[in-house]
Structures are given as structure tokens and as C-alpha cells.
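Welcome! Have a look at the sequence and the 3D structure below, and then walk through the briefing that follows.

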Amino acid sequence: MLSFDDYRRHDAVGLAALVSRGETSATELLDTALARCDAVEPRIRSVSQLHEDFARAAIRNGLPDGPLRGVPFLLKDVSVQLAGTVTTNGGRYFEGAVAERDSTVVERYRRAGLVIFGKTMTPEMGLAASTETSHKGSTRNPWNVERTAGGSSGGAAAAVAAGIVPAAQGSDGGGSIRIPASCCGLFGLKPTRARVPLGPFVGESWGGMGVVHVLSRSVRDSAALLDATAGAAAGDPYAAPHQARPYLEEVGADPGRLRIAFQRRPVSGSPVDGECIAAAEDAARLLDSLGHHVEEATLPATIDDIGPAAWALVATGVAATLERRARMLGRPLEEHDVEPVTWRAVLHARSLSALAHHEALAAIHRHGRRMAEFRERHDIVLSPTLGQPPVPLGVQRMNNADGEAYAAALHRFTPFCNVFNMSGEPSMSVPLHWTVDGLPVGTMLSGAFGREDLLIRLGAQLERARPWFERVPPL
């Protein structure tokens with residue numbers, strides 16, 4: 001078996017190269033990943049389900065000769081489907097819901113040669129910014145196990161940070177890749193709307209706000225995995241703009257001199273912790289030293305316009321998924337079936353009219369057009385990823401019966417991310433800053449619609465200037 005030190009020394013692209021050269025095997029990599037999982041899971045609780053038999057059968061039957069052949073990989077336990085297994089969506093209500101076929105993105109992961117051996121923890125329906133549930137417990141941050149790993153892709157982030165896998169699948173409907181990336185010291189890219197297909201079970205997620213991609217330790221892994229999954233599938237309702245060349249070729253390419261808008265405060269006006277401001281200011285100085293033009297700017301958005309619209313689309317999306325499950329079970333959805341936070345989303349959805357849903361879509365589309373005009377003057381928006389460093393566990397549990405307290409904690413923690421879900425623009429959290437007590441604090445950089453290529457160039461430039469790959473938690 002490959003030693004853990006040797007395993008962790010490589011990113012996914014590097015591990016695939018070892019397999020290709022015959023220096024290790026898919027079985028050895030899987031054994032190392034499972035051993036690391038056994039070693040750290042009692043402390044961090046990042047994996048919700050193991051599918052070891054599925055993984056070993058895939059290796060035994062012969063992996064496709066894809067660019068990531070033999071690399072161990074984990075799916076997020078919400079939304080995406082792996083044939084013959086259950087996706088619990090982070091709750092009790094979906095227990096026993098065995099998938100009949102793979103999601104399109106999972107087909108593409110498997111075609112790339114990835115060895116899927118489990119699913120990661122997520123809050124119910126991917127609704128929370130911290131991975132804390134009544135169903136399977138709480139995921140802990142490998143940098144400090146008393147703190148949140150973020151959400152909703154918190155299990156994915158904790159697994160990557162702890163070294164179980166070099167990259168893991170996540171999803172992002174309001175920050176759910178970037179939030180845990182910030183909390184766990186990882187690179188997390190939210191792609192452009194419709195860049196990665198969501199089918200065949202879903203046409204769009206949360207009115208187009210929800211997307212799928214990965215959390216990783218290196219920029220090139222994110223690029224390689226986007227190459228493996230990007231592009232519309234047959235029957236998709238719409239597609240992202242065409243990419244000029246493989247994203248992996250953007251790693252190391254010169255981003256040019258970029259016009260960067262520094263967003264110091266969120267559109268909600270919520271207070272921001274000094275560490276998060278310091279992280280963004282430090283990134284601004286670094287970007288200036290790399291030759292970019294950085295100036296403070298205010299985004300063309302108001303919380304009164306976009307906030308209610310986002311909540312309407314999230315709530316109706318969640319309620320629709322739960323109602324489909326209720327029809328499959330042959331009984332109505334009841335309050336005790338789900339967490340209190342989820343039930344409040346269902347009640348809000350039921351209070352809305354079809355017209356309200358239409359108006360919510362119109363509101364986020366107006367926001368997208370305003371952002372497109374803003375991009376005529378600014379290539380990139382720089383801001384803190386979060387309003388606070390990783391908060392203690394217990395603050396954002398989904399069984400919180402006090403809806404106002406829960407919402408206040410949520411909005412204080414993550415006031416920056418969602419504006420780019422609503423505009424559909426790509427956005428990334430980059431790990432450039434740690435607090436004096438060793439907690440990661442991400443910096444967010446967001447590009448124009450369809451410009452993941454530019455973000456990958458910029459992310460790789462920052463990675464070279466301020467390397468983070470060797471910075472790992474002392475777990």
C-alpha cells in the first residue's frame with residue numbers, strides 16, 4: 001500500500017500520473033484512502049456512506065483509460081445519483097431511495113477513471129452553511145475540531161483537508177463550495193450556471209443558482225475535473241458559453257493585467273469580522289504586486305431586491321424535491337420528516353404563488369444583467385469569502401427551532417457568496433490567509449459569466465505567488 005505521506009504529496013492529477021506510469025495502482029490508492037478514512041473519521045465525521053464494494057468492483061472490471069484513472073473520489077450525499085446506491089440528501093426522508101442510474105456528471109466522473117468509494121456529509125437538502133444534522137451528526141473542521149467545516153459541502157471539504165482524497169465533489173447554490181473551502185483551507189470554484197450538467201433528473205437547481213463542481217487542494221485539479229465534466233448534455237434546457245480550450249491549459253497561462261473591484265462590505269450591510277477583512281486586504285496587496293489594478297467598488301445590488309428572490313427559489317426548489325419524494329412514498333410530507341430549518345422552507349414555499357416564483361426568477365435575471373454592465377469596467381470582484389472565520393459548532397444546527405436566530409447567524413456568517421449564484425457568474429475561494437490561532441480564512445474572486453478560464457489563470461497565479469498545497473491541518 002502507498003504510504004499516506006506519499007499519497008498526500010500528490011494532487012489528483014499527480015496520482016493519476018503515478019498510476020499511468022505503473023508506479024502505483026488504483027487498488028493501492030483506494031487502500032490508502034480507506035486507511036486514512038478509518039484513521040480520521042472518528043474525529044471529523046466527513047463521510048456519510050462508504051461504497052467500498054462498488055469501488056473494488058469498478059477496479060476489478062477495468063477502469064476507463066481517462067485522465068484521472070485510478071484516483072479515489074467521493075460524491076456529496078445530495079442531489080447527484082450513483083446507480084445502485086442511496087443519496088440521502090442529508091436526511092431521514094430519503095433513506096431507501098436507491099438510484100436507478102447515474103447522474104450525468106457521475107457518468108463523466110466515472111468515464112474520467114475516478115474510483116468513487118463513498119459519499120460525504122451534508123446538511124439536509126444542502127440548505128445550511130454548516131454541516132450539522134440530526135440524521136448523522138456533525139462534520140468537524142480538521143483545523144480545529146470544535147469549529148464548523150462549513151456547508152453544505154462540509155463533508156467534502158473536511159475529507160479533502162484531512163487527506164482522505166485530493167478532491168471531492170460538491171455543489172453550490174448559495175456558497176456551498178466556497179464556504180467550506182474557506183473554512184478548510186482549500187481551493188473551491190463555483191462554475192458558471194449550466195457549465196456542468198445537472199441531468200437527467202434535474203433541469204436546473206434553485207432557479208439556476210445551484211451548480212456542481214469540486215473542492216480541491218490544487219488549482220489544476222479543479223481545472224482537470226472541470227474539463228472532465230463541463231459541457232451541455234442532450235436535453236439540457238440551456239448551456240454555458242463555449243470554452244475556448246481545455247481548462248487545464250489555463251493553469252500557468254498569463255491572466256494579463258486585470259481590473260479588480262474590491263468589495264469590502266456585503267450588499268446586506270452585515271458586519272464583517274476583522275480577520276476576513278484582513279484576508280481580503282492582504283489579497284488586494286498581493287494582486288497589486290502582481291501587476292493588477294485594484295480599486296474599491298460597490299456592487300450594483302440591493303438586499304431588498306435579491307434577498308427575497310433567492311429565498312423563494314431555494315424554498316420552492318427544496319419543497320418540490322420533497323413533494324416528489326412524498327409521492328414516491330405514497331404519503332404526505334409531515335413536519336417530523338425533516339429538520340426544522342427544512343420545514344420552514346417548505347412552509348415558505350407553500351405560502352408563495354406561481355406568480356411569486358416567476359417574479360423571483362425575473363429579479364435574479366435583472367441582477368445578472370446589472371452585473372454584466374458592471375463587468376464592462378471590472379474583470380474580477382475581490383471580497384472576503386465569509387463574514388466570519390469558521391464558527392463554533394452548534395451555532396447553525398438545522399434543528400434550531402428559533403428561525404430568526406438561525407437566519408441571523410447564517411446571514412452574518414455568509415453575506416458575500418450568494419450574489420454570484422444569482423448572477424450565474426463563476427466564483428472561487430482561494431486559501432491565502434490563516435488566523436493567528438491557525439484557522440483558514442478564504443478570499444473570494446469572482447469573474448464574468450462564462451469566464452472560468454480567467455479565474456483559473458488568476459487562481460494559479462496566486463497559487464504560485466503564495467503556495468498553499470503543503471499547508472495541511474495537524475490532524
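At what angle do helix α8 and helix α15 pack, and how far apart are their axes? In this predicted model, α8 (residues 219-229) and α15 (residues 452-465) meet at an angle of about 160 degrees, and their axes lie 9 Å apart.

**How α8 and α15 pack**

- An angle over 145 degrees counts as roughly antiparallel, and α8 and α15 are therefore roughly antiparallel to each other.
- The crossing that α8 makes with α15 is left-handed.
- On the α8 side, the contact is made by Val219, Ala223 and Leu226, while α15 brings Glu452, Ile456, Gly459, Ala460 and Glu463.
- Sorted by class, the residues of this contact between α8 and α15 are 5 nonpolar, 1 polar and 2 charged.

**How α10 and α12 pack**

- Helix α10 packs with helix α12 (residues 354-374) at an angle of about 130 degrees, and their axes are 8 Å apart.
- These two helices, α10 and α12, are therefore oblique to each other.
- Here too you can look for the handedness: α10 and α12 make a left-handed crossing.
- From α10, the residues in contact are Asp305, Ile306, Ala309, Ala312, Leu313 and Thr316.
- Their partners in α12 are His357, Ala360, Leu361, Ala363, Ile364, Arg366, His367 and Arg370.
- The contact of α10 with α12 holds 8 nonpolar, 3 polar and 3 charged residues.

**The largest pocket**

- Which element gives the largest share of the lining of the largest pocket? That is α10, with 9 residues.
- The lining of the largest pocket is made up of 19 nonpolar, 18 polar and 6 charged residues.

**The second largest pocket**

- The second largest pocket has about 840 Å³ of space.
- Its lining counts 31 residues, and Ala310, Trp311, Leu410, His411 and Asn418 are the closest to its centre.
- At least two lining residues of the second largest pocket come from each of α10, α11 (340-351), α13 (403-413) and α14 (418-423).
- The largest share of this lining comes from α10, which supplies 7 residues.
- By class, the second largest pocket is lined by 19 nonpolar, 11 polar and 1 charged residues.

**Cavities**

- How many cavities of 30 Å³ or more are there? The count comes to 4.
- The largest cavity has a volume of about 130 Å³.
- Among the 14 residues that line the largest cavity, Ala194, Val196, Leu198, Gly203 and Tyr238 lie nearest its centre.
- The lining of the largest cavity consists of 7 nonpolar, 4 polar and 3 charged residues.
- The second largest cavity holds about 60 Å³ of space.
- Residues lining the second largest cavity include Arg8, Trp143, Ala161, Cys184, Arg217, Trp468 and Pro473.
- That lining of the second largest cavity divides into 8 nonpolar, 1 polar and 3 charged residues.

**Backbone details to look for**

- Most residues other than glycine have a negative phi, and most peptide bonds are trans.
- The peptide bond that joins Gly151 and Ser152 is cis, with an omega of about 5 degrees.
- You will find Ser152 in the loop between β7 (144-148) and α6 (154-161).
- A cis peptide bond also runs from Gly199 to Pro200, where omega is near 0 degrees.
- Pro200 sits in the loop between β9 (187-190) and β10.
- Asn89 is a residue other than glycine with a positive phi, near 55 degrees.

Methods:
Residues are numbered from 1 along each chain as its sequence is written. This is a predicted model: local features need pLDDT of at least 70, side-chain atom pairs count only at pLDDT 80 or more; totals for chains, interfaces and linings use all residues. Side-chain values use heavy atoms; hydrogens and water are left out. Axes are lines fitted to C-alpha atoms, for helices over the stretch in contact, and angles run from 0 to 180 degrees between N-to-C directions. Helices (H or I, at least four residues) and strands (E, at least two) are DSSP runs, numbered from the N terminus. Angles under 35 degrees count as roughly parallel, over 145 as roughly antiparallel, 65 to 115 as roughly perpendicular and the rest as oblique. A crossing is left-handed if the near helix is turned anticlockwise from the far one by less than a right angle, and right-handed if clockwise. Contact means heavy atoms within 4.5 Å. Ala, Val, Leu, Ile, Met, Phe, Trp, Tyr, Cys and Pro count as nonpolar, Asp, Glu, Lys and Arg as charged, and the others, Gly among them, as polar. On a 1 Å grid over the protein atoms alone, a cavity is a set of points where a 1.4 Å probe fits but cannot get out, and a pocket is an open set with protein on both sides within 12 Å along at least five of seven lines; lining residues have an atom within 4 Å of a point. Grid points are joined across faces, edges and corners, and a volume is the space filled by probe spheres set on the points.
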